[in-house]
Amino acid sequence: HPSFRTGVVMSSHYCADMATPVRLDVTDVTPATRDMAMRIGLAWREIRRGAATGPLREFLYSTDAIDVALDCDQIELGQVDTLDLLVQRPTWRMSELADALRVEPSTATRAVQRLEKSGLAIRRPSTDDGRGVTVHVTPDGRAVHAAIAARRTELFTYLMTSFDAAELPALAELLERFVSAVDAFVADHRR
């Protein structure tokens with residue numbers, strides 16, 4: 001990132017409550033902190049690459065073992081994220097769905113259109129207001145989601161065997177804090 005070469009800070013460090021950004025001068029970061037940031041960044045990259053392009057993605061999202069006739073070999077990650085939300089309640093307004101997905105409304109609309117084309121979701125005019133649109137998961141959508149959720153459970157159950165039982169709560173807390181820190185970074189840099 002160009003700002004790191006100049007020593008000007010474009011990132012933020014957040015206090016424990018995640019509410020107050022504190023600017024860091026990267027010229028004051030110790031080599032050990034910089035090395036740890038690189039290790040974490042590389043691990044994040046490897047998680048993203050493996051889940052997005054490799055056999056793990058095929059294991060999680062392939063449709064060949066799902067008892068629903070679909071016109072594709074794999075469900076796209078954006079569709080899975082959308083299904084994860086749609087199964088949580090009977091109906092979603094499109095604007096609420098976009099907010100929950102943390103995407104622009106047009107991105108949510110495209111994900112829902114792909115689900116609708118595959119028969120996994122349906123859009124209807126809102127009964128509350130004629131201008132709005134609601135989204136509902138179909139029975140096929142629930143079946144696809146259940147199959148993917150079972151594979152995901154199998155994956156994470158297997159991964160958890162790499163840790164001692166005492167480490168798992170700490171791992172969960174650290175991952176949750178990591179997600180909060182990413183959210184805070186994005187919020188701070190949208191201003």
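Guide: Let us begin with A150, which is located in helix α7, residues 139–160. Please keep in mind that this is a predicted model.

Visitor: Is A150 buried, partly exposed or exposed?

Guide: A150 counts as partly exposed, because its relative accessibility is 46%.

Visitor: Which residues is L60 in contact with, leaving aside its neighbours within four places in sequence?

Guide: L60 is in contact with I148, R151, R152 and L155. For L60 and I148, the C-alpha to C-alpha distance is 6.0 Å, and the two are 88 residues apart in sequence.

Visitor: Let me step back. How many helices and strands does the chain have?

Guide: The protein chain has eight helices and five strands. Read from the N terminus, the order of the elements is α-β-β-α-α-α-β-α-α-β-β-α-α.

Visitor: What share of the residues is buried?

Guide: Of the 191 residues in the protein chain, 26% are buried.

Visitor: And what share of the contacts joins residues at least 24 apart?

Guide: The share is 48%, counted among contacts between residues at least 6 apart in sequence.

Visitor: Now to α4. Is it mostly covered or mostly uncovered?

Guide: Helix α4 is mostly covered, with seven of its 10 residues buried. The buried residues in α4 are Q79, V80, T82, L83, D84, L85 and L86.

Visitor: At what angle does α4 pack with α5?

Guide: Helix α4, residues 77–86, and helix α5, residues 94–101, pack at an angle of about 115°, and their axes are 10 Å apart. The crossing in which α4 passes α5 is right-handed.

Visitor: Which residues make that contact?

Guide: From α4 the contact uses D81, T82, L85 and L86, and from α5 it uses L97, A100 and L101. Sorted by class, the contact of α4 with α5 has five nonpolar residues, one polar residue and one charged residue.

Visitor: What follows α5, and where is R102 found?

Guide: R102 is found in the loop between α5 and α6, the latter being residues 105–117. R102 has a positive phi of about 65°, although it is not a glycine.

Visitor: Why point that out?

Guide: Because most residues other than glycine have a negative phi.

Visitor: Is R102 buried or exposed?

Guide: R102 counts as exposed, since its relative accessibility is 58%.

Visitor: On to the strands, then. Where is R93 placed?

Guide: R93 is placed in strand β3, residues 92–93. At 25% relative accessibility, R93 counts as partly exposed.

Visitor: What does R93 touch, leaving aside its neighbours within four places in sequence?

Guide: R93 is in contact with S126, D129, G132, V133 and T134.

Visitor: What sits over the ring of W92?

Guide: The charged end of R89 sits there, 3.7 Å from the centre of the W92 ring.

Visitor: One last topic: how many aromatic pairs does the structure hold?

Guide: The structure holds one aromatic pair. Its members are W44 and F178, arranged edge-to-face, with 5.5 Å from centre to centre and 85° between the planes.

Visitor: Why give both a distance and an angle?

Guide: Because a pair of aromatic rings is described by the distance of the centres and the angle of the planes.

Visitor: Which parts does the pair of W44 and F178 tie together?

Guide: W44 lies in helix α2, residues 31–53, and F178 lies in helix α8, residues 167–189, so the pair ties together parts that are 134 residues apart in sequence.

Technical notes: Residues are numbered from 1 along each chain as its sequence is written. This is a predicted model: local features need pLDDT of at least 70, side-chain atom pairs count only at pLDDT 80 or more; totals for chains, interfaces and linings use all residues. Side-chain values use heavy atoms; hydrogens and water are left out. Axes are lines fitted to C-alpha atoms, for helices over the stretch in contact, and angles run from 0 to 180 degrees between N-to-C directions. Helices (H or I, at least four residues) and strands (E, at least two) are DSSP runs, numbered from the N terminus. A crossing is left-handed if the near helix is turned anticlockwise from the far one by less than a right angle, and right-handed if clockwise. Contact means heavy atoms within 4.5 Å. Ala, Val, Leu, Ile, Met, Phe, Trp, Tyr, Cys and Pro count as nonpolar, Asp, Glu, Lys and Arg as charged, and the others, Gly among them, as polar. Rings of Phe, Tyr and Trp (its six-membered ring) pair if their centres lie within 6.5 Å; planes under 30 degrees apart count as stacked, over 60 as edge-to-face and the rest as tilted. A charge sits over a ring if NZ of Lys or CZ of Arg is within 6 Å of the ring centre and within 35 degrees of the ring normal. Buried means under 20% relative accessible area, exposed over 50%, partly exposed in between (1.4 Å probe, protein chains only).
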